[in-house]
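Work through the exercises below with the structure open. Each task is followed by a stepwise solution.

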Amino acid sequence: NRLMSTEYLNYEDSKFSKSRGIGVFGNDAKDTGIPADVWRFYLIYTRPENQDSCFKWEDLMMKNNSELLANLGNFVNRATKFTKDNFGYQVPVMELNKDDWEIVSLVNRELESYMSLLEDAREREAIFVIFNISRLGNQLMQHNTPWKLVKGSPEEKARAGTVVGLSLNLACLLSVLIQPFMPQLSATLQAQLQAPTSVNVIPHKFSVLLPAGHRIGEPSPLIAEIKKEKIEELKVRYAGKQSTRSSPATAVVPGDPAAIAKLEQQVTEQGNVVRELKAAKADKDSIGTAVAKLLDLKKQLCVAQGGDPASLDNKGKGGKKPAAAAKA
């Protein structure tokens with residue numbers, strides 16, 4: 001038996017605080033529109049197993065777009081789409097050569113590491129192994145260029161079939177390995193592969209999971225890209241106290257003149273509210289709530305004007321005041 005413990009997960013440049021509304025929490029994550037499996041992936045990928053780690057919106061975007069989309073998603077989509085377009089949805093016959101067996105050997109080494117890491121409850125390192133395997137799959141495709149081979153001689157087309165068949169079996173293996181971390185993504189991938197339920201056992205060695213002649217389903221992209229604009233919007237929405245956070249309905253679009261004009265008016269009006277409360281020597285909580293609302297409006301305006309809302313957090317550290325802040 002093992003007792004797992006971790007260090008602290010921080011939020012951007014500060015600590016998570018429910019009472020102060022610092023951070024993004026379970027109910028918030030649901031409202032972002034980012035799939036649950038992407039959250040599961042990122043939180044495991046940054047899990048503070050040996051030292052403190054930090055949740056950063058920009059890093060979430062980067063990890064999703066580089067590892068989930070460009071690595072895992074790209075590999076699987078290439079293999080399934082190529083099978084549909086060139087082999088009529090059927091897994092081709094596989095005749096492995098020396099280089100292929102080398103790939104199998106490397107995958108087996110990663111599998112051994114994956115099993116050992118899970119036994120030791122080192123989940124963060126275990127998920128790294130999954131992406132190591134998908135990288136091997138991408139290397140297999142890139143080195144052999146089956147999209148060229150399939151247009152050549154019968155021997156070259158047979159070689160393309162081997163590469164694609166091996167890639168499909170790697171994709172099926174990955175669908176099993178990601179299941180503990182990303183169950184919805186695993187189910188979607190297995191549906192595209194039309195994989196039998198019998199594959200859902202973590203193997204000690206990589207072997208054929210989808211035999212020649214097996215018919216796959218309809219390929220489609222597994223992962224959506226997270227755009228920079230989306231991240232800027234979320235950074236604004238989840239800044240300040242939860243009671244003053246902007247809702248998805250009020251999220252701003254950069255460069256919208258009508259939104260900019262409206263937000264400029266709201267910033268001015270809220271600035272007046274803050275000044276009146278301070279002049280009347282209102283209680284601390286009332287002033288704090290009004291100031292937090294003003295800051296949230298300023299950050300929305302900053303995004304609408306195409307600026308970086310994080311710059312507002314630095315204005316007390318000698319940074320230059322953004323235009324949005326100056327108008328209040």
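**Exercise 1. Which residues does R47 touch, leaving out those up to four places away in sequence?**

Solution. Keep in mind that this is a predicted model.
Step 1: list the contacts. R47 touches M4, T6, S53, A121, E123 and R124.
Step 2: R47 sits in the loop between α2 (36-45) and β2 (53-55).
Step 3: classify its exposure. The relative accessible area of R47 is 13%. Buried means under 20%, so R47 is buried.

**Exercise 2. Describe the ring pair of Y42 and F55.**

Solution. 
Step 1: count the pairs. The structure holds 10 aromatic pairs.
Step 2: get the geometry of this one. The ring centres of Y42 and F55 are 5.5 Å apart, and the planes stand at 80°. Planes over 60 degrees apart count as edge-to-face, so the Y42 and F55 pair is edge-to-face.
Step 3: locate the partners. Y42 belongs to helix α2 and F55 to strand β2, so the pair ties together parts that are 13 residues apart in sequence.
Step 4: check burial. Y42 and F55 are both buried.

**Exercise 3. Which residues have the most contacts inside the largest nonpolar core, and which element gives the most to it?**

Solution. 
Step 1: take the core as a whole. The largest nonpolar core has 70 residues. W57, L68 and I127 have the most contacts inside it.
Step 2: assign elements. Those giving two or more residues to this core are α2, α3 (57-87), α4 (98-119), α5 (123-144), α7 (154-177), α8 (183-193) and α9 (228-237).
Step 3: pick the main contributor. α7 gives the most, with 12 residues.
Step 4: I127 touches F41, I44, Y45, F181 and M182, leaving out residues up to four places away in sequence.
Step 5: look for another core. A second, separate core has 9 residues, including L263, V274, L297 and L301.

Terms used: Residues numbered from 1 in each chain as written. Predicted model: local features only at pLDDT ≥ 70, side-chain atom pairs only at ≥ 80, totals over all residues. Heavy atoms only, no water. Helix = DSSP H or I, 4+ residues; strand = E, 2+ residues; numbered from the N terminus. Buried < 20%, exposed > 50% of the residue type's maximum accessible area, 1.4 Å probe, protein only. Contact = heavy atoms within 4.5 Å. Phe/Tyr/Trp six-rings, centres within 6.5 Å; stacked < 30°, edge-to-face > 60°. Core = buried A, V, L, I, M, F, W, Y, C linked by side-chain atoms within 4.5 Å.
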